[in-house]
Amino acid sequence: MEEKKQSLFPFPTVREGQKEFMNDVNRAVEGGKILIAHAPTGIGKTVAVLVPALQYAIENDKTVLFLTSKKSQHKIAIDTLRKIKERMDLSAVDITSKQSMCPRAVSVYREFYSLFNEFCKREQKNKRCHYFMKHDEGALRRIKGEIMHVEELCSWCTTRGICPYKAALDVTKDADVLVCDYNYLFSHDIAERVLEKLETGLEDIIVVIDEAHNLPGRIRNNLSSELRMKTITETARGIRTTNREMYEYLMQLEMTFKRLTREAAGNNTHEIRVERDFLLDEVETVLRRRIDAMCYTEFVDSLRHIAEGFEGNASSKHRNGTEAVQRNIITMADFFDSWQTEEKCLRIFSVAQQHDSPTLFFKLLDPSVVSEPIFAKAHATIMMSGTLCPTEMYADVLGAAPDRIKGREILLREYSSPFPKENRLIVVTKGLTTKYTKRGEDMYMKIAAKIGEVAKYVIGGMAVFFPSYALLKTISSYLPDEVRRRAIVERRAMNKDEKNRLYETLRDDFAKILLAVQGGSFSEGMDYESNTLEAIIVVGLPLSPPTLEVKTIEGYYVGKYGAEKGRLYGYLYPAVTKVLQAAGRGIRSERDRCIIILMDYRFAQYPYKNCLPPDFNTTFTDRAEEYCKNFFKW
Ligand code: SF4
């Protein structure tokens, strides 16, 4: 069996660590287990998971769901599947969200799934979508027979006049593997529809979760929403003349926000915890004031109905203003609708500075309430990432710990990097920190001066990742002129094109130094080409301020796992994961060399030191520039 699997492997050699990973995937799929794998960049995770999972799936009539949150990973998965197909007969479908595949989706639809979904359903029901109406057996045969990137599938289907999403779903039942977003399994509504199309139950699915460190956050965000008072006020003004009844409801709700604001001021706080029933009761009270009172769900439906009425009603002269009102109404409808969830959520009213208007928001507290039942039912699950460390935490947080899912073996694995160890040097600097109590001009000047000293010796691309935009701005103002001349800066409001242009500047001009933030697009989402970054400085730790939200999540985990784990899970690890993501941008292939400077002495101290992966061999020094000089052999 081992030899057979390796003969299906579409590359000449199996890398160090890759074989071990493949064997573990094999054990997981054959034994119906859950594998949580910290597999550093370079192991070749995608092919290592797909070969054994697919072979088992094809022999045992299972389907592989390869879930990824990144567009670039869709591409890697499909390219890999094409290579595997040269040795094994298989069919695969690449699929993204319905609104991103729809040839008719205008910008507001791409932004609001609920509005788009209503539009799409209406068009289907009224037989007005000619893409949906057209059936093309020849096209389906081609999609089944070839392995297409989703962009190819969309443009090809659009040219033939058929709905790309429908065509992709129509062939999924014959597919051995579906490459799709996390939502296809972890968003209840979508998962139900997909499983129906697959004509199978979870017990026949092998789940592969790529970049799985993103999963807890994604599940939380799926069940979260916020509503700003400004949105209510602007919407009320926008419909004052056209819908007097809704205008009055909204003005009453604005009063609720004003009352909460006064209450916060009276208690000398920026945040107030609120209960689910508080808002439900407030809305019901407002609605009851009229003789022809409506209930909460009718109120939500009425908002959606008003938003739909905006379609095609505005002259182009007023289009922008109308779209803004429409967006606000959908935001409100989605918020009030999802607020009703009975899942355990943190619910907070905030007048804190980061919000430009008093804001009511909620967020799911425990992602395992969504993921655990899926892991319990699926045939096997493989979660993998280069920063899935510590694996035990992800098992706990996602509900895949041995004591949680009865009768399933859980494999926790940490593989070491296959790249030459001498290609990566990790230095922790003495005397520098962004710890709150040590912050000030003196510390910022020292950090800026050290960045300048290091930069003198870097040959090649360099990036400095700060814990926040505020610290990026402040510390940058102290940087030596030489660094400032070379700096290119990530801004909070940059759009996708601007970010791509910034990346291309960095890639094409080695003299440039990127100044960006941890947890942002340049430290997490962006895929750097080999050797783009040869030096990375991670300044400080992006620990969240002790907001009510952070304290609530930490408190929840303290209650569940005890004080030490609670603090690690709720507070420290999310920050360390951002640091590891930023630090990992330098080594993308065996040819890459990179020096990583963790510019905060806390990385050499308990408990932070213990949060770093086992293969992070760090040197603690106040002469980072000397290490840099030697690394680049000056
Ligand atoms: S049926 Fe297809 S083409 Fe028509 S609106 Fe819906 S997603 Fe778009």
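Two residues are taken to be in contact if their C-beta atoms, placed from the backbone, lie within 7 Å. The model is a predicted one, in which local features need pLDDT of at least 70 and side-chain atom pairs count only at pLDDT 80 or more, while totals for chains, interfaces and linings use all residues. Residues are numbered from 1 along each chain as its sequence is written.

The domain assignment, whose bounds come from an automatic or database source, divides the chain into domain 1 (2–90 + 176–221 + 367–414), domain 2 (224–340) and domain 3 (421–631). Between domain 1 and domain 3, whose centres over C-alpha atoms are separated by 30 Å, the contacts involve 13 residues of domain 1 and 16 residues of domain 3. On the domain 1 side, helix H21 (residues 391–397) gives the most, with three residues; helices (H or I, at least four residues) and strands (E, at least two) are here DSSP runs, numbered from the N terminus. That side of domain 1 divides into three nonpolar, seven polar and three charged residues, where Ala, Val, Leu, Ile, Met, Phe, Trp, Tyr, Cys and Pro count as nonpolar, Asp, Glu, Lys and Arg as charged, and the others, Gly among them, as polar.

Over the whole chain, the secondary structure comes to 30 helices and 18 strands, and 42% of the 634 residues are buried, a residue being buried if 20 or more other C-beta atoms, placed from the backbone, lie within 10 Å of its own. Leaving aside residues up to four places away in sequence, Ile382 touches Val25, Ala28, Leu35, Ala37, Val49, Ala53 and Val208.

Around the ligand there are 13 residues, of which Cys102, Cys120, Cys129, Phe132 and Cys163 come nearest; a residue is counted as near if its C-beta atom, placed from the backbone, lies within 6 Å. Helix H7 (113–125), helix H8 (130–133) and helix H11 (164–172) each supply at least two residues of this shell, and the largest share, three residues, comes from H7. By class, the shell has eight nonpolar, one polar and four charged residues.

Key
Buried ≥ 20, exposed ≤ 12 C-beta atoms within 10 Å, placed from the backbone.
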